[in-house]
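Welcome! Have the sequence and the model open beside you, and try each task before you read its solution.

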Amino acid sequence: MNVTIGQYYPADSFVHQLDPRVKLLGVTLFIAALFTVNSFAGYAFIAVCMGLAIYATKVPPIFMLRGLRALIFILIFTSALNIFFTAGNTVLVSFWVITITLEGILNAIRMVSRLTMLIVGSSVLTLTTTPIKLTDAIEYVLGPFKRIGVPAHEIAMMMSIALRFIPTLLEEIDRIMKAQMARGADFDTGGLIKKAKSLVPLLVPLFISAFRRADELAVAMEARCYRGDINRTKMKVMRLERRDFKALWVMLVFSAAIVLLKIYI
Amino acid sequence: MLHTKLEINNLVFTYNKGASFEKKALDNVNLKIGAGEFMGLIGCTGSGKSTLIQQFNALLKPESGNVLLDGTDIHADKSRLKEVRRKVGLVFQYPEQQLFEETVAKDVAFGPKNLGLPAEEIEERVKWALDMVGLTPEMGEQSPFDLSGGQKRRAAIAGVLAMKPEVLVLDEPAAGLDPVGRDEILMKIREMHKRTGITIILVSHSMEDVARLVERIAVINGGRIVMDDIPAAVFSRAPELEQMGLSAPQAALLAQELQKRGFRLRDGLYTVEDVVAAVAQELSVNKGLNHK
Ligand SMILES: Nc1ncnc2c1ncn2[C@@H]1O[C@H](COP(=O)(O)OP(=O)(O)OP(=O)(O)O)[C@@H](O)[C@H]1O
Ligand SMILES: [Mg+2]
């Protein structure tokens, strides 16, 4: 079975080395900017910034676009919706019940570029940050909410455990599928219902083993006196370096530019 | 000589071919297995045993070389794949982890059902398979998850047997069982071979288990078959086995050591019973001499 897990693309770049919290902040600003601007100049500016960021990651751009593949249907659907159902004055085409207006087309372009940039931009984060670092950053961000009862550490822990077990489960699926195929099971042919039925011999053992693993892991953690976040220290302490401050400056300039764009255009 | 049931020719197989982390798991493997033979396939962990047996029923496709079943290439005709998988029954490592039905009997029936057999035939086969592995019909009505570890394993083996394979391949059937469960399973397998005469390939990393059962042993190391002979001959090469992370059965080692120290035992002893008998005989002869 050939499944690449997560999206992390190892490379040695400025962006890869950044503190994950800084990158998380950067992506948040980027998304906020996408929803702030609505002029084409604004989109163009964001696109250029995004292009520079992608260049800095040293990740082949094709990897950034891969995330779009899964969403191609949503993109088409959104643009169709906008083209056909936006009311406007400048009618371009009109026949039967369909009316296409200039506003509709502009809206569609706006929405599609927004969505595309949203996905491509966020993939900059996931492609350059290992899942473990990402969960660390998320735990840090959730930290202040601990006071109001948000189990920040537990959430982060659950995420890392889930990520850790994805490859294990994939291996397990491969093994169980082979074992059932050896008994004549057929996972490939047949209609939808037959295919769904053929999954039972795969899913039941898979769930049983997942629960067993979860149970074993819980026992192992308890046996080592694991108890959530009380007085835990980190093996890799996150510390802001020079390059992180540089990145923060860039983000500040970017935000200022977005605000100016919003006001004057 | 028996006619050749399964023949593996110059087989090479690589996992993740082309990726930076590709791994050559089988390297030019040649093997011939005669009909009705009971063969042991032995190798240390990671030597390629499981990879090799998945080639036997076309779950994996060789990179080069071929696998012949009754003289025909198993990959020659895709529509015959199911037929190949019926003829070569493969019991995976820890097969009890694939049980999924509500009752043992239903689970055992899964294979025959996939073959599209009539209901009466399926029922008959389930009964037969359960009997073969030593489970009672009452156990057949239980949930597989209520059985003991050894019973679960036997239920899973029955699930493959019910397809009436001509070649039965068992991957570490005794792994992880207590000594009693271990002996039970292995004895059942031996009995099965005697009663039905099917070809059996028993995979293990324990010589001890295999020694008492098989007629021939193939040793695999680093994806290559390095020995292929009768057990006595394989065990006589104890130092080589040790280098591969394996060891000859303790009884064989004991006999070899005693020989070195002057006991006159015949070569090629490897079961506890034979060694005990031979040593007892030697001692009684010696005693007689000493008294003179
Ligand atoms: N699905 C897989 N993907 C990549 N490499 C694999 C895969 N399965 C096995 N390997 C590699 O192929 C080699 C042979 O593995 P194999 O499972 O055949 O060994 P084995 O002799 O059955 O060992 P064990 O006694 O532990 O079951 C090992 O080095 C293993 O790491
Ligand atoms: Mg194995």
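## Exercise 1: a helix pair in chain A

Helix α2 (residues 20-36) of chain A packs against helix α11 (residues 242-264) of chain A at an angle of about 10 degrees, and their axes lie 11 Å apart. This is a predicted model, in which local features need pLDDT of at least 70 and side-chain atom pairs count only at pLDDT 80 or more, while totals for chains, interfaces and linings use all residues. Residues are numbered from 1 along each chain as its sequence is written, with chains lettered from A and ligands numbered from 1 in the order in which they are written.

Task: classify the packing of α2(A) and α11(A), then find the residues that make the contact.

Solution. 
- Step 1. Axes are lines fitted to C-alpha atoms, for helices over the stretch in contact, and angles run from 0 to 180 degrees between N-to-C directions. Helices (H or I, at least four residues) and strands (E, at least two) are DSSP runs, numbered from the N terminus.
- Step 2. Angles under 35 degrees count as roughly parallel, over 145 as roughly antiparallel, 65 to 115 as roughly perpendicular and the rest as oblique. The angle therefore makes α2(A) roughly parallel to α11(A).
- Step 3. Residues are in contact if their C-beta atoms, placed from the backbone, lie within 7 Å. On α2(A) the contact includes A:V22, A:L25 and A:L29, and on α11(A) it includes A:L248, A:M251 and A:F254.

## Exercise 2: the hairpin strand in chain B

Task: find which strands pair with strand β9 (residues 216-221) of chain B, and in which sense.

Solution. 
- Step 1. Two strands pair if DSSP finds at least two bridges between them. Strand β3 (residues 38-42) of chain B pairs with β9(B) in the parallel sense over 4 bridges, and B:I42 has B:V219 as its bridge partner.
- Step 2. Strand β10 (residues 224-229) of chain B runs antiparallel to β9(B), joined by 5 bridges; here B:N221 is partnered by B:R224.
- Step 3. The hairpin of β9(B) and β10(B) has 2 residues between the strands, and B:G222 takes a positive phi near 55 degrees.

## Exercise 3: an open sheet in chain B

Task: which strands stand at the edges of the open sheet of 4 strands?

Solution. 
- Step 1. The order is β2-β1-β4-β5 (chain B), with antiparallel pairing.
- Step 2. β2 (23-34) and β5 (72-73) of chain B each have a single partner strand, so one side of each is left without a neighbour in the sheet.

Note on methods. Two residues are in contact if their C-beta atoms, placed from the backbone, lie within 7 Å.
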